[in-house]
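Please consult the sequence and the model shown here alongside the text.

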Amino acid sequence: MTTTKIDEAIERYVNERKKSERKVAETKFLRFTYLACGESDITAFMRRSRSLIRYYIDYLTVLENPLRGPQAAWLALMAMVFFFGICMLTDEEMRMAGIFITSGTLVNGISLARAVTDKWVETSVTIALYREIIEIIDSSLPSECR
């Protein structure tokens, strides 16, 4: 039983769950688990899987949060430059530069906001799927083994 096998089981569940319903993915996850470690070592595999998934959830929540990363800082900087461009539009001499700055930051800001939103949604879905795996593990293990 290695971390590679656990990661492979987790990835298989996540990929299958994105394609089909929960019961199908759950069945395939449990089948792979039994094939990967055998019936004698299933409780240890499940306990290690659960602890590794908890670590992944914590990692994704803290470090992969796009609202705490460099994309959020760039988005805030773009908002400041956008408002600076708006201020430039009020001055007759700087109006042309204000148009270019405002339009450029608007286009790039929208693109960056979409990227941040997509990453946030992907991270949230992954965390939800990891929590489903924890529910599967909790339901399949006896309470004294958790």
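Buried means under 20% relative accessible area, exposed means over 50%, and partly exposed lies in between (1.4 Å probe, protein chains only). The model is predicted: local features need pLDDT of at least 70 and side-chain atom pairs count only at pLDDT 80 or more, while totals for chains, interfaces and linings use all residues. Residues are numbered from 1 along each chain as its sequence is written, and side-chain values use heavy atoms, with hydrogens and water left out.

**Thr105**
- Thr105 has a relative accessible area of 12% and is therefore buried.
- Its side chain reaches the backbone oxygen of Thr102 at 3.1 Å.
- Leaving aside residues up to four places away in sequence, Thr105 touches Met78, Val81 and Phe82 (contact means heavy atoms within 4.5 Å).

**Aromatic pairs**
- The structure holds 5 aromatic pairs; rings of Phe, Tyr and Trp (its six-membered ring) pair if their centres lie within 6.5 Å, with planes under 30 degrees apart counted as stacked, over 60 as edge-to-face and the rest as tilted.
- The ring centres of Tyr56 and Tyr130 are 6.1 Å apart and the planes stand at 35 degrees, so this pair is tilted.
- Both Tyr56 and Tyr130 are buried.
- Ring pairs join Tyr55, Tyr56, Tyr59 and Tyr130 into a cluster.

**Phe82 and Phe83**
- Phe82 and Phe83 form an edge-to-face pair, at 5.7 Å centre to centre and 70 degrees between the planes.
- Phe82 counts as partly exposed because its relative accessibility is 23%.
- Phe83, at 54% relative accessibility, counts as exposed.

Methods
Polar contact = N/O pair within 3.5 Å; in protein donor to acceptor, adjacent residues only side chain to side chain.
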